[in-house]
Structures are given as C-alpha cells and as structure tokens.
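Me: Can you walk me through this one? I'd like the fold first, then the ligand.

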Amino acid sequence: MSTDVSRTDSQTPPADAEVRRDRPPHGGRRAPSRRVRAAVLIGGLAAALAMVAVVSAGSGQLAIPPGEVAGSVLHRVDGGLESLLARFGVVADLPLDVGPLPSHAQGENTLWLVRFPRVVLAMLVGAALATAGALMQGIFGNPLAEPALVGVSPGAAVGASLVFVTGASFLDEWTVPVAAFSTGLCATLLVYLLSRSGGRTEVVTLILTGVAVTAVASALVAFNTFVANPEAREQIVFWQLGSLNGARWPAVTAVLPFVVVGLVAAVLLARSLDLLALGDRAARHLGVNVERLRIVAIVVVAMLVGSGVAFAGVIGFVGLVVPHLIRMVAGPGHRVLLPASALGGAVLLVGADLVARTAIAYADLPLGMLTALVGGPFFFWLLRRTRSRAGGWA
Amino acid sequence: MIGRSVSRRRRIPVRLDPGEVIAAAHGAGVVLGGARVLDDVTVDVRTGEVLALVGPNGAGKSTLLSVLAGDLAPVSGYAELIGRPPRRWSAAEAAMRRAVLLQQVSLSFPFTVAEVVRMGRSPWAGTEREDEDEQAVAEAMATADVAAFAERRFNTLSGGERARVALARVLAQRAQLVLLDEPTAALDLHHQEMVLGVARRRAAAGDAVVVVLHDLNVAAGYADRIVVLSDGSVAAVGSPQQVFTSGLLSEVYMHEVEVLDHPRASTPIILPRR
Ligand SMILES: Nc1ncnc2c1ncn2[C@@H]1O[C@H](COP(=O)(O)OP(=O)(O)OP(=O)(O)O)[C@@H](O)[C@H]1O
Ligand SMILES: [Mg+2]
C-alpha cells in the first residue's frame with residue numbers, strides 16, 4: 001500500500017500537509033512484508049534447527065535414521081508428560097508415542113547419553129554467542145563489535161585456565177563456568193571503560209582496546225599453560241580450541257539457566273537497543289537510561305559468553321556472522337534480531353559441530369577452529385563491504 | 001507488552017496553559033573543556049510561542065539547548081523544565097515532556113524511515129497515549145513530507161531528507177516542549193518554510209517551540225521572540241523588530257548588516273552588506 005502512495009507522492013508533491021488528511025491513519029505503518037519476513041525467518045530457523053538437530057543426533061559411528069531419532073524423542077516426551085500428569089492424579093494416555101524406536105541395541109543409549117546432551121549444548125552455546133554478538137553490536141552501535149574481538153572470550157579463558165591449573169572444584173561442575181563468567185565480565189567491563197571517551201565509543205579505540213586486553217589475557221593464559229601439569233595443560237589447550245567433545249547432561253544443566261536468563265534479558269532490552277541506534281543523546285531524549293542500559297547489556301553479554309564458552313571453549317565469529325546475516329534478511333530491529341540470532345546461532349553451531357564430528361572419521365575436529373576458518377574470511381568481507389559503503393570509520 | 005512493565009511509575013504530563021513558563025535557564029553558566037561556553041544566560045520559554053535562538057557559530061546555541069533539554073547541568077545558575085531541574089526528571093519522564101532535534105543526526109543501523117519516526121513514540125509505550133501512536137506517526141510523516149519514502153532505509157536518503165525524517169520523529173513524540181537545533185540547515189526553501197510553518201502551528205496549539213536558526217529573515221518571519229547569543233552570553237532578547245537592529249547585528253556578527261522595512265509585511269529584512 002505504502003509503495004503506491006509513495007509513487008503518486010513523488011510525482012505530485014503536495015503543497016501542504018493538509019492535502020494528505022484524506023490518507024488513512026495507517027499510512028506510516030511498517031509494511032507488512034517485513035513482519036511476514038520476520039515470521040517466516042523465525043519459523044524457518046526453528047524448523048532448520050529441529051532438522052539439523054535430528055540429523056546431527058543421528059550421525060556418527062553409529063548411524064541412526066532421522067525417523068528413529070524423532071521417534072525416540074517423542075516416546076520420551078510422551079512418557080515424561082504422562083508421569084508428570086500422573087503426579088497430579090491425572091491418568092492419561094497421550095498419543096505422542098509414535099514413530100519407530102532406534103533399531104540398534106545401543107541406539108537409545110547413544111542418543112540419550114552421548115548425542116543429545118552434545119546437540120543441546122551446541123544449541124545453547126550457539127544461541128548464547130549469537131545473542132551476545134547482537135547485543136554487543138547494539139550497545140556499541142557498530143556491526144563489527146563481537147565478544148571475541150573485544151576481549152570477552154580471552155578474558156573468560158583466563159578464568160577457565162586458572163581453574164584447570166589449580167584444579168579448583170569449589171563449585172563442582174559450576175567451577176569453570178563461574179570462573180570464566182567472572183573473568184569474562186571483568187574483561188568486558190575493562191574494554192568498555194577503556195574504549196569510551198566523552199560518551200562515545202570510537203571503533204578504532206574499541207578494536208585497539210580489544211587487542212590490548214586480549215594480549216594481556218593471552219599472556220595470563222600462556223602463563224597458566226606454562227605452570228600447569230601435563231594434564232591441566234592439555235585441558236587448557238583443548239579448551240581454547242573449542243569443542244563440545246564429552247558434553248554430558250550436567251554441562252547442559254549448568255549452562256541452561258545462564259542462557260535462558262540471558263536470552264530473556266536480551267529480549268527485554270530490545271526496544272531500548274533500537275533507540276540507541278540514534279546515538280546516546282537522542283536515545284536519552286526518548287527516555288532511555290543509556291548508562292544503565294549499557295551496564296545491564298554488558299553483564300548479560302558476559303553471562304551469555306562466559307557460560308557459553310565455559311564448557312565449549314573459545315568459539316569465535318558466531319556472534320559476528322549470525323546477527324549480520326539476520327540483519328540482512330529481517331532488518332536491524334532488535335525485537336526480531338535477538339530471537340532470530342539466538343535461533344540462527346543454534347543452527348550454525350549444531351551444524352558446525354556435526355561437521356566437526358563427522359568430517360574426518362574417528363576424529364573430533366576443534367569446533368572453534370572450524371568457526372574461525374569460516375568466520376575469518378567472512379569478517380574480512382564484512383570489513384571491505386562496510387568500508388566501501390560508508391567510506392571507512394573514524 | 002515489554003513497554004508496559006517499564007512504565008510502572010511514570011507520571012504522565014499535564015499540559016500547561018498557554019503563556020506558562022515550560023522551561024528556563026536562570027543565570028546559567030556552562031564550562032566545556034575548560035572554556036566558559038555559556039555565561040550567566042537567562043532565558044524563559046513559554047507555551048504558545050516560537051522562540052528563536054540566533055547567533056554566530058560557537059556562540060553557545062546548541063549548548064543552551066542541551067541545558068534546557070537536561071543533557072548538561074550548568075555549573076552556575078540553574079535550569080528548569082516544568083518546575084524542576086531538567087535532570088531531576090527521569091529520562092522516561094523527561095521524554096514525555098520535551099522532544100529534541102539535535103544538530104547532528106545519525107543512525108548506526110539501517111532502520112527504515114517509518115521505523116525511525118516510530119521511535120519517536122517510544123516514550124508513550126505502555127501509557128494510555130500509546131493509542132495515538134499510529135495517528136501521530138502518520139501525521140508527523142505527512143507534516144515533514146517524508147511519507148513518500150516511508151519504507152526506504154534512512155541511510156539511503158539525502159541530507160535534507162534525513163533532516164526531515166529526524167524532524168518527523170521529533171514531531172511524532174508530541175511533547176509540549178520542542179527543541180529544534182538548526183532544523184532548516186539542510187533544507188530547500190519550500191521545506192524550510194514548511195518546517196517553520198509547523199513550528200507556528202504547534203505554538204498556536206499551545207506547545208512551546210525553541211528553534212536555533214541561522215537565517216535571520218526566517219527567524220524574523222516566524223518567531224514570536226528572539227534570543228541573540230553572542231560568545232556565550234545573551235546579547236538581546238525581544239521581538240524581531242526590537243532585536244534586529246543594524247547596530248546590534250553588525251556588532252554580534254562582526255559584519256556590516258543592513259535592516260530594511262519590508263514593503264508589505266511588518267517583518268524587517270536583514271541583509272549583509274556586500
Ligand atoms: N565538548 C566540548 N569541549 C570543549 N568545547 C566545546 C565542547 N562543545 C562545545 N564546545 C565549544 O563551545 C562553544 C559553543 O558551542 P555550541 O555548539 O553551543 O555552539 P553553537 O552556537 O551551537 O554553534 P553552531 O552555530 O556552530 O552550531 C564553541 O566554541 C565550541 O567550540
Ligand atoms: Mg550548534
């Protein structure tokens with residue numbers, strides 16, 4: 001509708017606003033196409049996620065057909081719901097127990113003890129990293145901000161390596177995530193404080209500050225690696241390569257609350273992040289408490305990234321690539337960008353992990369290596385494109 | 001739905017009657033980067049009037065707007081927005097009371113024009129006035145003449161088109177105090193007249209409009225009162241006829257200025273001597 005209006009308008013510019021009073025009051029409404037596109041995008045990503053998850057869970061040394069994977073999940077869901085209802089005194093026979101069960105004797109165990117925790121962890125970590133990237137870009141007002149670039153992941157690595165070296169286990173399976181979270185948050189705050197001046201963040205300052213903080217963090221990790229015993233050293237090295245190898249349910253339950261809280265908080269910030277695109281002052285003029293928004297967003301980023309990398313290690317570029325692709329399809333509005341990025345990140349990481357597990361037989365490639373291999377060139381392309389468009393940055 | 005939870009304790013503004021002081025600076029002084037940028041500036045802004053701020057580059061016009069908007073706290077004297085220091089209002093409450101068009105307009109992500117204008121409605125999210133959203137956006141886009149490119153991305157627009165979109169965003173906010181920093185700097189003659197016409201209509205409807213202008217003839221033609229700033233101080237305040245004299249303008253701008261009577265209208269014509 002609005003395209004028709006614009007065509008007539010550009011031919012006969014009205015002399016006065018009065019001329020337009022006959023237009024329906026919805027003339028300024030966002031075109032439905034973008035909303036439809038957003039719905040299609042979210043639906044498509046959710047479907048893709050289900051598909052890639054089923055395929056991934058079925059792939060490996062013991063191949064399980066997708067139908068059997070789905071059947072196994074449905075049976076468990078059915079049984080789970082029925083026992084839940086029974087607890088409330090409701091006896092029901094739900095019709096969800098359809099589809100074939102794994103035919104191989106070890107199929108059920110392989111799925112539920114090894115594959116599913118790994119797939120779910122990949123989803124959570126991917127969602128966390130991509131959402132954190134989108135948040136970061138929102139608060140810095142720059143599409144190139146990325147958790148790894150501004151020192152969050154290197155910061156988290158300091159905490160994780162320290163735990164490996166000292167063998168600390170004061171919080172059981174929560175020790176590594178808590179340590180990674182804390183040092184990741186410190187690194188983020190440091191970059192934030194150092195790179196802002198006069199209420200603005202210059203991109204060059206941001207990236208150079210990230211370089212500086214990363215350098216110091218890497219030095220600390222190197223020191224930890226140096227003093228570690230061989231076993232801890234191996235843990236540190238492989239942790240940094242990034243991998244979901246050995247993921248079990250406890251890891252999933254440790255990461256889940258952080259990611260859920262982080263995603264919910266991120267979505268609650270969406271409207272304010274949109275306004276921040278106008279700049280700090282204009283956002284404040286529209287009612288955004290800018291400093292509080294930034295602090296909250298940075299804590300959320302540290303939480304997402306810290307918990308994400310804690311079990312999976314350093315996995316770069318997911319937070320850069322995914323939000324950018326989503327923005328190209330659905331526009332920059334954060335109310336769509338954030339949830340779609342979460343889904344997109346989950347799809348990407350489940351897919352990447354599938355490749356990492358199956359590309360070379362009997363080898364589990366480092367996941368972080370794979371994402372960097374693809375993400376690095378993409379980042380370069382992005383840099384070139386933005387430069388040629390905007391004529392570079394100040 | 002998210003906005004609702006944010007809106008918990010915001011006080012919805014009560015409209016002031018025409019002629020009441022909505023904002024003011026009393027002996028305000030501002031120091032930026034070690035230099036005194038504003039010195040003992042006293043200005044009051046009343047509802048129902050268009051107040052023009054004029055003066056040379058660097059005179060402190062934008063700084064004065066920042067003080068009135070609550071971006072800057074004066075180091076001496078004080079400012080006031082509806083009876084209290086502007087910075088004592090929360091960001092959300094201030095946003096329902098005053099709208100600001102900054103001299104520099106930027107957008108870090110490629111939102112569409114319609115989305116940008118819609119951002120002007122965010123102060124009202126979760127309040128009863130949220131119901132006006134559609135109407136306010138449509139009217140603001142029509143008034144600023146940007147409806148024609150509603151679905152274009154902001155960063156594909158020309159400079160003047162961007163300025164009009166930013167203006168539409170400010171109009172859509174429907175605050176009773178409107179602060180406009182050089183809204184016409186990038187505009188063609190037609191749109192310049194259009195924007196000042198909007199300012200006049202808003203004032204007639206009981207709003208207060210403060211507008212920074214460089215074109216003295218435009219200021220003379222549309223403003224009820226003019227504040228001439230020079231080097232951080234108020235050089236003159238009054239009606240165009242009172243303020244725009246050859247002597248004062250020549251001194252303030254350090255350039256010979258002639259002031260002639262218009263053959264038909266009562267507004268003076270201001271010409272630099274060439
Ligand atoms: N952050 C700052 N640090 C130091 N000096 C500043 C700062 N901001 C503004 N100034 C100085 O304060 C003075 C007033 O600036 P202001 O922006 O208010 O001028 P203006 O009247 O709006 O000028 P223009 O017509 O060019 O927009 C200028 O001399 C400017 O250089
Ligand atoms: Mg200025």
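What follows is a short chat about a predicted model.

Me: Start with chain A. How many helices and strands does chain A have?
Reply: Chain A has 15 helices and two strands.

Me: What share of its 394 residues is buried?
Reply: Buried residues account for 49% of chain A.

Me: And the contacts, what part of them joins residues at least 24 apart?
Reply: Take the contacts in chain A between residues at least 6 apart in sequence. Of these, 77% link residues at least 24 apart.

Me: What comes just after H5(A)?
Reply: Gly167(A), with a positive phi of about 65 degrees.

Me: Now His334 in chain A. Which helix is His334(A) found in?
Reply: H14 of chain A, residues 334–358.

Me: Buried or exposed?
Reply: Buried. His334(A) has 1% relative accessibility, and the cut-off for buried is under 20%.

Me: What does His334(A) touch?
Reply: Leaving out residues up to four places away in sequence, its contacts are Ala134(A), Gly138(A), Ala270(A), Leu273(A), Asp274(A) and Pro339(A).

Me: Over to ligand 1. Which residues come nearest?
Reply: There are 14 residues around ligand 1. Gly58(B), Gly60(B), Lys61(B), Ser62(B) and Thr63(B) come nearest.

Me: Which helix gives the most to that shell?
Reply: H2 of chain B, residues 61–69, with three residues.

Me: How does the shell divide by residue type?
Reply: Four nonpolar, eight polar and two charged.

Me: Where are the polar side-chain contacts?
Reply: Thr63(B) has a polar side-chain atom 2.5 Å from an oxygen atom of ligand 1. For Gln103(B), a side-chain N or O atom is 2.9 Å from a ligand oxygen. For His214(B), that distance is 3.1 Å.

Me: How much of ligand 1 does the protein cover?
Reply: The protein covers 59% of the 640 Å² of accessible area that ligand 1 has on its own.

Note on methods:
Residues are numbered from 1 along each chain as its sequence is written. Chains are lettered from A and ligands numbered from 1 in the order in which they are written. This is a predicted model: local features need pLDDT of at least 70, side-chain atom pairs count only at pLDDT 80 or more; totals for chains, interfaces and linings use all residues. Side-chain values use heavy atoms; hydrogens and water are left out. Helices (H or I, at least four residues) and strands (E, at least two) are DSSP runs, numbered from the N terminus. Buried means under 20% relative accessible area, exposed over 50%, partly exposed in between (1.4 Å probe, protein chains only). Contact means heavy atoms within 4.5 Å. A residue is near a molecule or strand if one of its heavy atoms lies within 4 Å of it. A polar contact is a pair of N or O atoms within 3.5 Å; within protein, one must be able to donate a hydrogen and the other to accept it, and residues adjacent in sequence count only if both atoms are side-chain atoms. Accessible areas come from the Shrake-Rupley method with a 1.4 Å probe; for residues, only the protein chains shown count as cover. Ala, Val, Leu, Ile, Met, Phe, Trp, Tyr, Cys and Pro count as nonpolar, Asp, Glu, Lys and Arg as charged, and the others, Gly among them, as polar.
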